[in-house]
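Q: Please take a close look at one residue and its surroundings. Then follow the charged pairs elsewhere in the chain.

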Amino acid sequence: MRRKYGIAGVLLSAMLTLAACGGGGGGTGGNPLDTTSAAPTGSASAAGGKAVVGSFDFDESVLLASIYAQALEAKGVQVEEKPRIGSREAVYDQVKGGGLTIVPEYNGNLLAFIDLKATAATTDEVNTALKEKLPAELEVLDSSPAEDKDSLSISKDTQTKQSLNSIEDLAKVSKTMTVGGPPEFKKRWEARFKEVYGLEFKEWKPTGPTTADAIKDGSIQVGNVFTTDPKMTANNLVPLQDTKNIFPAQNVTPLLHKASANDTIRTTLNGISAKLTTESLLEMMQKISVNKDEPATVAKEWLTTNGLG
């Protein structure tokens, strides 16, 4: 028995001597007894870990999520994409619970979702309020200049016939009109429209992604269309002026599950936000909507052009 312990002691002494010769874990000769040595350069854990990137169920969100995912992959992050999950009600809970690491959000709508009484309007006001209201599990990163605002839009023909230029003007005729938008549109906005502008519509229709087309064909007279939707121009639609700022700033802003993110993820996404503009977003959406290009392809082109891919 003593002989066995003696050999073990000699071996252990030799190993410790080798470890000392290798230094404190730096370079290529790290401590052979240290099981926490850094992963090899280029591995996912060394470069930035893992991220699950989700998106809402519409093309622009899928595009933005693809931009995030491809940029993170270029930094060595292992990325899983979960596109077209659904509405904010579904996506928010998944980020909060850690099922999603990242989702591209719109700061104003996110604030309205978590605080029904929010009155912040500008980008700075909205982001200040968000940081106060978000639960501890969540964080928002830098907002981009790119903004995709909600609007109440009508056809050019309706504007001419009814002399409508603002949402205030719409109040005079709203009771004769059918309004359309996403399935959750009525629940989110009916009371607020009545409170701020005195709007009461004849009927609410869940027109979803077909809202712009529904305005054009007359099945609805007014609809919730995003300002970067290429169909706004293609269908000759007019966004009514929001003189009372019922729709807050809607800057594209990454929403993160705080514990699942790291510096690589945060730095990469902030770099994207710094270069993303409303004009570039509209240009990309035209490629998807008009040219029928795939969101992932358009995302890759934008990243390459901006030195991020």
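A: Start with serine 61. Its relative accessible area is 1%, so serine 61 counts as buried, since the cut-off for buried is under 20%. Keep in mind that this is a predicted model.

Where does serine 61 sit? Serine 61 belongs to helix H3, which covers residues 59–74.

Now look at its contacts. Set aside the neighbours within four places in sequence, and serine 61 touches Ser55, Phe56, Pro104 and Tyr106. Take phenylalanine 56 from that list. The side chain of serine 61 reaches the backbone nitrogen of phenylalanine 56 at 2.8 Å. Next, take tyrosine 106. Along the chain, serine 61 and tyrosine 106 are 45 residues apart. Their C-alpha atoms are separated by 9.8 Å.

Side chains of opposite charge can pair when their charged atoms come close. Glutamate 105 forms a salt bridge with arginine 88, at 2.8 Å from N to O.

How many salt bridges does the whole structure hold? A search finds 13. Some are linked: Asp57, Asp59 and Arg84 make up a network of salt bridges.

Two further pairs are worth a look. The side chains of lysine 231 and aspartate 213 meet in a salt bridge at 2.7 Å, N to O. Lysine 231 is in helix H11 (residues 231–234) and aspartate 213 is in helix H10 (residues 211–217), so this pair ties together parts that are 18 residues apart in sequence. Lysine 231 is partly exposed, at 24% relative accessibility. Aspartate 213 is also partly exposed, with a relative accessible area of 30%.

The other pair is glutamate 200 with lysine 194. The closest N and O atoms of this salt bridge are 3.9 Å apart. Glutamate 200 has a relative accessible area of 33%, which makes it partly exposed. Lysine 194 is at 49% and counts as partly exposed.

Serine 61 is buried.

How values were computed. Residues are numbered from 1 along each chain as its sequence is written. This is a predicted model: local features need pLDDT of at least 70, side-chain atom pairs count only at pLDDT 80 or more; totals for chains, interfaces and linings use all residues. Side-chain values use heavy atoms; hydrogens and water are left out. Helices (H or I, at least four residues) and strands (E, at least two) are DSSP runs, numbered from the N terminus. Buried means under 20% relative accessible area, exposed over 50%, partly exposed in between (1.4 Å probe, protein chains only). Contact means heavy atoms within 4.5 Å. A polar contact is a pair of N or O atoms within 3.5 Å; within protein, one must be able to donate a hydrogen and the other to accept it, and residues adjacent in sequence count only if both atoms are side-chain atoms. A salt bridge is a side-chain nitrogen of Lys or Arg within 4 Å of a carboxyl oxygen of Asp or Glu.
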